[in-house]
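Student: I would like to learn how to read a structure of this kind feature by feature. Could we begin with the terms and then turn to the case at hand?

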Amino acid sequence: MRKNIKAHLGFALMWKEEKFLLSALELLKKEFADFKTQSEPFKPPFSKYYHKEMGSPLYKKFVITELIIDKSEIVKVKKMAMDIEDKYRIEGNRTVNIDPFYIDKEQLVVSTSKYRGNRVYMGDGVFVELELFYHHGSFQPFIWTYVDYKEHIPFFNSIRKLI
């Protein structure tokens, strides 16, 4: 019996120049679905890891699509997101960073191409990481959860009410 295998597809998007974000958003809508809702743009509250490649200041937002996926499809979605990132590279550097995730009533799981000890390999160069889980009336972080996900728990709780 297969239970709890479906979830809403979302994207964490980071950019410096809005024109690249807008182009990437159009491709994401074309490839996947219209957006159900999105967070307000914010400046990422973490290290300057991406500044060397993408410049600064950087902006980020979370977008939730209308699309409900089988959770196993996140590998395919991440590969497509990486292709979109590649389409907008300038001199080898990304102009937009796209991290697909899925969210359901119990969890938010992010896909990435980078390995860390708490990430699970899904195949084809893609890992997943459980960022938030629902417990005691709210999504809860882990010790490894990125600050921007922690700071947007009220947003993700509001998404949970819509799904």
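Tutor: Let us start with exposure: a residue is called buried under 20% relative accessible area, exposed over 50%, and partly exposed in between, with a 1.4 Å probe and protein chains only. By that scale Glu17 is partly exposed, because its relative accessible area is 38%, whereas Lys19 is exposed, because its value is 53%. Before going on, note that this is a predicted model, in which local features need pLDDT of at least 70 and side-chain atom pairs count only at pLDDT 80 or more, while totals for chains, interfaces and linings use all residues. Residues are numbered from 1 along each chain as its sequence is written, and side-chain values use heavy atoms, with hydrogens and water left out.

Student: How many helices and strands does the chain have?

Tutor: Helices (H or I, at least four residues) and strands (E, at least two) are DSSP runs, numbered from the N terminus. The chain has five helices and eight strands, and from the N terminus on their order is β-α-β-α-β-α-β-β-β-β-β-α-α. As for overall form, the radius of gyration is taken over C-alpha atoms, and the globule rule is 2.2 Å times the number of residues to the power 0.38. The chain has a radius of gyration of 15 Å, close to the 15 Å that the rule gives for 163 residues, so it is as compact as a globular protein of that length. Along the principal axes, its C-alpha atoms fill a box of roughly 50 × 30 × 30 Å, and buried residues make up 48% of the 163 residues.

Student: Which residues of the largest nonpolar core touch the most other members?

Tutor: In soluble globular proteins, nonpolar side chains tend to be buried together. A nonpolar core is here a set of buried Ala, Val, Leu, Ile, Met, Phe, Trp, Tyr and Cys residues joined through side-chain atoms within 4.5 Å. The largest such core has 25 residues, of which Leu9, Phe11, Leu13, Leu28, Ile84 and Ile98 touch the most other members. Two or more residues of this core come from each of β1 (6-15), α1 (18-31), β3 (59-70), α3 (74-87) and β4 (96-103), and α1 gives the largest share, six residues. Apart from this core lies another, of 15 residues, among them Ala12, Phe101, Leu108 and Val110.

Student: With which residues is Leu9 in contact, beyond its neighbours in sequence?

Tutor: Contact means heavy atoms within 4.5 Å. Leaving aside neighbours within four places in sequence, the contacts of Leu9 include Phe32, Val63, Ile64, Leu67, Ile74, Val77 and Phe101. For the chain as a whole, among contacts between residues at least 6 apart in sequence, 65% join residues at least 24 apart.

Student: Is Lys71 buried or exposed, and what does its side chain contact?

Tutor: Lys71, in the loop between β3 and α3, is buried, because its relative accessible area is 11%. A polar contact is a pair of N or O atoms within 3.5 Å; within protein, one must be able to donate a hydrogen and the other to accept it, and residues adjacent in sequence count only if both atoms are side-chain atoms. The side chain of Lys71 makes such a contact with the side chain of Asp104 (2.6 Å), and residues that Lys71 touches also include Asn4, Ile5, Tyr102 and Gln107.

Student: How many salt bridges are there?

Tutor: Side chains of opposite charge can pair when their charged atoms come close. A salt bridge is counted when a side-chain nitrogen of Lys or Arg is within 4 Å of a carboxyl oxygen of Asp or Glu, and by this rule there are 13. Lys19 and Glu17 form one of them (3.8 Å, N to O). The side chains of Arg116 and Glu129 form another (3.0 Å, N to O). Arg116 lies in the loop between β5 (107-112) and β6 (120-123) and Glu129 in strand β7 (residues 126-135), so this pair ties together parts that are 13 residues apart in sequence. Arg116 is partly exposed at 30% relative accessibility, whereas Glu129 is buried at 2%. Salt bridges that share partners also join Glu53, Glu85, Asp86, Arg89 and Arg94 into one network, in which Asp86 pairs with Arg89, their closest N and O atoms being 2.8 Å apart.
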